[in-house]
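Q: Please go through the labels used for this model one by one, and set each value against the definition behind it.

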Amino acid sequence: ADDILRVTATESGYLGAGAGGAAASTGSAAVGVAVAVNVTGEVETDSTTRGTEVTETEGTEVTVTDSTLAAESAPLALLATTDMTLVSGAIGAAVASKVAIAGSAAANRAAIGTRIRVDAGSTLDAGATADLLATDSSTFVATGGGLAFSGKAAGGVGIALNLIETPVTIDMDGALEADGEAEIVARANQSLVTVAIGGAGSGGFALGGSIEVRVPVLVFPDC
């Protein structure tokens, strides 16, 4: 190749989920519930590696297998980039003269890896600089709220979950030759926002609670 030799895999998108539940009663009880969930995951594929059948999960991935990528007198770049936005919001509300119960749950579950893989049978040959860059700059927002009001007893609970297992990896098992600088970087620069609110008001007994959970991203450079 006379110019830059670039191999790129990119995943970008938006997932939004919203839910609301409201209940009002002039009688004895009212219950309001809402649930909103976003789920993303990898795809399983069957392939043959050196005569062996293997099953792999694939996300945003650049894979070089038993190959030589040569850029004569030019830079070489392998780029894997994930930039997803997941937003989930839920609110539950209840009003009753005696007993009111309200609850909501909002969750984002993401399991898409960002990877660059160069196996032992492959060679990267750059006539100038060589860059291997895997990045994940996704954003995850989860908000949940539960509000309840009654004359005697009320309970409101909000739950918000960000369960993020999105490894960013570079597996460089092959040969790398570069006439200029060589850079190998795996980077996670994600934003996680988790908000949970629980509120209750009553002339007798009132209970409000909230649960907020975050599981962060993992970064595994291996080269």
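Q: Why is Glu-165 called partly exposed?
A: Glu-165 has a relative accessible area of 42%, and the scheme calls a residue buried under 20%, exposed over 50% and partly exposed in between, using a 1.4 Å probe and protein chains only. Because 42% falls in the middle class, Glu-165 is partly exposed.

Q: What kind of model do these values come from, and how are residues numbered?
A: This is a predicted model, in which local features need pLDDT of at least 70 and side-chain atom pairs count only at pLDDT 80 or more, while totals for chains, interfaces and linings use all residues. Residues are numbered from 1 along each chain as its sequence is written, and side-chain values use heavy atoms, with hydrogens and water left out.

Q: What makes the pair Glu-165 and Arg-109 a salt bridge?
A: The closest N and O atoms of the two residues are 3.6 Å apart, and a salt bridge requires a side-chain nitrogen of Lys or Arg within 4 Å of a carboxyl oxygen of Asp or Glu, so the pair qualifies. Glu-165 lies in the loop between strands S13 (153–164) and S14 (168–172), and Arg-109 in strand S8 (residues 99–111), so the contact ties together parts that are 56 residues apart in sequence. Strands here are DSSP runs of E of at least two residues, and helices are runs of H or I of at least four, both numbered from the N terminus. Arg-109, with a relative accessible area of 28%, is partly exposed.

Q: How many salt bridges does the structure hold, and which residues are linked in a network?
A: The structure holds three salt bridges, and Glu-61, Arg-115 and Arg-117 are linked in a network of them. The side chains of Glu-61 and Arg-115 meet at 3.5 Å, N to O, and this pair links strand S5 (residues 60–64) with strand S9, 54 residues apart. Arg-117 meets Glu-61 at 3.3 Å, N to O; since Arg-117 lies in strand S9 and Glu-61 in strand S5, this pair ties together parts that are 56 residues apart in sequence.

Q: What joins the side chains of Asp-119 and Ser-122?
A: A polar contact of 2.7 Å joins them, the term meaning a pair of N or O atoms within 3.5 Å where, within protein, one must be able to donate a hydrogen and the other to accept it, and where residues adjacent in sequence count only if both atoms are side-chain atoms. Asp-119 is found in the loop between strand S9 (114–118) and S10, and its 17% relative accessibility places it among the buried residues.

Q: Why do S6 and S15 stand at the edges of their sheet?
A: Three strands form an open sheet in the order S6-S10-S15, with parallel pairing. Strand S6 (68–71) and strand S15 (175–178) each have a single partner strand, so one side of each is left without a neighbour in the sheet. Two strands pair if DSSP finds at least two bridges between them, and S6 is joined to strand S10 (residues 123–126) by four.
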